Structure formats: structure tokens, C-alpha cells
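Q: I have a model open and would like to learn how to read its features one by one. Could you walk me through it?

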Amino acid sequence: MTQQQSGVTAIVIPQPTVNGPLHIGHLSGPYLAGDIAARAAKARGERVLALAGVDVHPNYVLTKAEILGEDVEEMVAKYRAQITTAFDLARIGYDAFLDPQDKGYQRAIASMVTELVANGTLPMEEFTLLQCSDCKRTLHHSYVVGKCSVCGSGANGTSCEPCGSLTSAQNLVDPSCARCGGSPRPMVETIPVLHLEDYRERLVAEWMQAELPGRVRAVLEHYLRAPLPDYPIAYPTNWGIELDGQLAGMRVDFPTELGFSYVYGPANALHPDADCLADWVGAWDEMDGVWHFNGMDNTFYFAVLYPAISAAAGVPGVHLLGATVNELYRLEGKKFSTSRNHALWADEFLSTEDPELVRLYLSWDRPDRYESDFTHEGYRAFCEYVRPLLAGRPHAGAAALPAVLATAELERAEQALHLTGFDSALAIRSLMAALTAGTGIDSVAMAALTGRELPPWSRGRS
Ligand SMILES: [Zn+2]
Ligand SMILES: [Zn+2]
């Protein structure tokens, strides 16, 4: 049980890519869940550090600006403002904000990579990248498209949405340039490489002790049999944090940047004066590890790459304490789609709706075990039913739950908000049952689910 640990647990609310605003499908997944779990843990007196941020350096950002014909810096500023507005309106709180536009953050990431290359942990090796023979860009992430080598679905070079596998220009079947359709040609470069296979023993030990859903374990099972890939840490491309010295002309791979941000972020929050790899790693003496809230399709990154980066950086303890994952959320029966404008933007929706009801409904309907579906009809019915309960006015004529059962429901709601077995959909159902008996208004479950201030009696409770 995580409760027996004495160090700090970092709860990661993943950094959204600034290539669009957040929609309520995003909120229903890791964003609200991470915030609710952090609030509940704090109310129980546990030492947690909620990390949030934005992700500026995936080349999906530049690709989006090129598609729109907009200046990329202006576009980033616009979406960043919409994302942080959505965080504020949805009451998504955090203790530290990972900001890739902050010079200190950029220097920290670049210096960690540079030092690990210099000391040989990340060896410089000849590595075959692919380049578009027409537009000459290095084919990675949004710039490449092909078929997943595991399940055959169409994918870019990040991960396969249906099966959760790692995809890259190197392992996609029939890769081509996603921008111009050009054919790829090999480009051999000497770049820093992370040999993930070298970290197998540590990774398997982390997987054994971490609290992971079965669906995550199914993805990891593949790597118990298959070799772990060599992973390029930095390479010549036109987007991402720039490096200098021996690594001049290269930029940091963006998932690599995220991996280092989870070493740096908690360390910087605990010790803002730390400013070198040894200091940041040293701060980890106070950390128990990281609990990731994320989509299923990011399994390779949070369960393989980030723990390996933490180990390579020199963090002695485990990285991965556990993960809470979700499936996709649909909107009126169809997948959210920015290009078809089939979306409900979080900042717009929350500007006119009660954030407490939005949080409670998205928890009630959370796509945690299967893809669920937002309908306006369901949302309106939920609001009508729950609004009187929140005001402490159980429905006239409806049978209230007997007090002994209401107490048990409230206990179940609070238990369901522990990191282990986190289930906010169960918590809201139990809380609603308790509310019919007039109990639970002033509870930790209510405060965490709605994002209200915690009841005074719960502060610092241990
Ligand atoms: Zn091209
Ligand atoms: Zn696949």
C-alpha cells in the first residue's frame, strides 16, 4: 500500500500538446482524475506533489501551425492560454507547472542530456534515421505516417492509438512523409542513443512492484519477450530544445524531454536552488516515485521510456509507482475530431457551465474501463438530478438511503479516491447515494470531486 511510504509521490497530470485547446474528452481522462486523486491524497495527509504543464516541443505543434498557415509562436500562445484557462475553470490545481518555454527548464533539460552524453551514459553512435527525399525533413513523430507493425493500424511516429505500441519512422510499415507524401531515405547520423535493453532488469523490477492496470501489463508483456529498442535521444530536426557543444545541430526528442521533466520537475519543486544533475538527482532522496495519469496509448512512454530515463539520470529508487489509465471518450456517439470540428472545447463549455457539475458528470461518465460517450441529454439529466443534492435538498418523495448504508457509501466513495484502485466513477455514485440521505456534503469525497476547498477538519489529517 502506498500509504505506508514516507516520501513524496509525484502525481503527473500529463502536459497537453499546444496544438489545440483541451476538449472535454481530455478532461474526462487524465486531467480531472489526476486533480481529484491529488486533492484526496492531500486531504488524507499524504505527501503528494501534483505536476502539470504544457508540451510545446512535439512537432505536432509546428505541423498544426503550417496547416493553419499561422505564425507558430502566436498559435502556441493562443492554445496555451486556452489550455490554462480550461485548467483554471475546471479547478485543475497543481503544485508545480512544467513550462517548456521557461529558460531555466530548457537549460535543465539540455544540461542533463549533455552531461549524460559526456559521461558515456548516453553513448554517441551511428544511427539510421529517415529523411524525406522531397522536403528533406527528418521523419519523426508528426512528420511520418505508416502502419503499426503490431496491429496494422495507421499511425504517426509516436504510438499506435488502438494497440498502444511504440511507433517510429524506424518500425512503421511503409513509412512516408506525412507532410508531402515523399518517400523516406536513410540518413546515418552520430547521435546520443539510450539502449533500453541495458535497463531491462531495472524496468522489469519496476513493472513487478508498480500498481498497473491489466491493459498496461498486456502492452508490457510484449517487451518481456521482444527486445527493447534503442531509442534516439536527440537528432537533427527543426523543432524541440536545441543543444550545443558536441551536440550542436541536434534537438532533444520530445518524449525524452518529458522523461527528463519528471526528474527535474519534482526536484525543482522541492529544491528550487538545485541547478545541476547531481542536485536534481539528490532531491530524489525525498521522493517515493511517480504516479502517472495518462491515456492507454502512452503506455510505452510512462512505463518504459520515462523509468529508463530516470535510471539513466542516476535516480537510485524507482520511478514508476503506478498508473491510472483511460480509454477514449466519444461525443454524441462519434470520436472527438478537431478537423471535423466535432468537439466540445473545455474553456468554452466551462465558461457557461457550473464547474462542479461538469467535474461530477465527467467523473460519473469517465471512460476508464471502456470508451464512454458524452451526450448533452445525459449531461442535462445529470445536472437536474444532482443540483438539489449538492444544495443539501434530497428529492422530495424519493426514498432516502438508510443512515447505516449512507455511511458505508461515503466510506466507499473516499476509498475509491486512493491512488491504488482509483475509481472516480464509483466515488461519485457512492457519494450521490449518501447525499440522498443528507450525508456527505462536507466530505473529502465531495471536496475532491467538485474541486471545492477541503473541509477545514481534513487539512493535514494523517
Ligand atoms: Zn516530405
Ligand atoms: Zn498498433
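A: In helix 2 (residues 60-68), the buried residues are V61, L62, T63, K64 and A65. Buried means under 20% relative accessible area, exposed over 50%, and partly exposed in between (1.4 Å probe, protein chains only). Helices (H or I, at least four residues) and strands (E, at least two) are DSSP runs, numbered from the N terminus. This is a predicted model, in which local features need pLDDT of at least 70 and side-chain atom pairs count only at pLDDT 80 or more, while totals for chains, interfaces and linings use all residues. Residues are numbered from 1 along each chain as its sequence is written, chains are lettered from A and ligands numbered from 1 in the order in which they are written, and side-chain values use heavy atoms, with hydrogens and water left out.

Q: What do the buried residues of helix 2 pack against?

A: Look for contacts, meaning heavy atoms within 4.5 Å. Here the buried residues of helix 2 pack against helix 3 (72-89) and strand 5. Just after helix 2, G69 has a positive phi of about 70 degrees.

Q: Which residues other than glycine have a positive phi?

A: K136 is one of them, with phi at about 70 degrees. K136 sits in the loop between strand 4 and strand 5 and is partly exposed, at 42% relative accessible area. N341 is another, with a positive phi near 55 degrees. N341 belongs to the loop between strand 15 (334-335) and helix 10 (346-352), and its relative accessible area of 57% makes N341 exposed.

Q: Is T138 buried or exposed?

A: Compare its relative accessible area with the cut-offs above. T138 is in the loop between strand 4 (124-132) and strand 5 (141-147), yet its value is 7%, so T138 is buried. Not counting residues up to four places away in sequence, T138 touches L129, L130, Q131, Y143, M187, Y235, P236 and T237.

Q: How far is the backbone oxygen of P236 from a polar atom of the T138 side chain?

A: That distance is 2.6 Å. For reference, a polar contact is a pair of N or O atoms within 3.5 Å; within protein, one must be able to donate a hydrogen and the other to accept it, and residues adjacent in sequence count only if both atoms are side-chain atoms.

Q: Where does T256 lie, and which side chain does it join in a polar contact?

A: T256 lies in helix 7 (residues 254-270), and its side chain has a polar contact of 2.8 Å with that of D253. At 0% relative accessibility, T256 is buried. Beyond its neighbours within four places in sequence, T256 contacts Y231, P232, I233, L305 and I309.

Q: Which residues does R80 contact?

A: R80 is in helix 3. Leaving aside neighbours within four places in sequence, its contacts are V18, V54, F97, D99 and Q101. With 19% relative accessibility, R80 counts as buried.

Q: What share of the contacts joins residues at least 24 apart?

A: Among contacts between residues at least 6 apart in sequence, the share is 75%.

Q: How many positive and negative side chains are there?

A: There are 36 positive and 56 negative side chains, and the centres of the two sets lie 6 Å apart. Lys and Arg count as positive and Asp and Glu as negative, while His and the chain ends are not counted. Each charge is placed at NZ of Lys, CZ of Arg, CG of Asp or CD of Glu.
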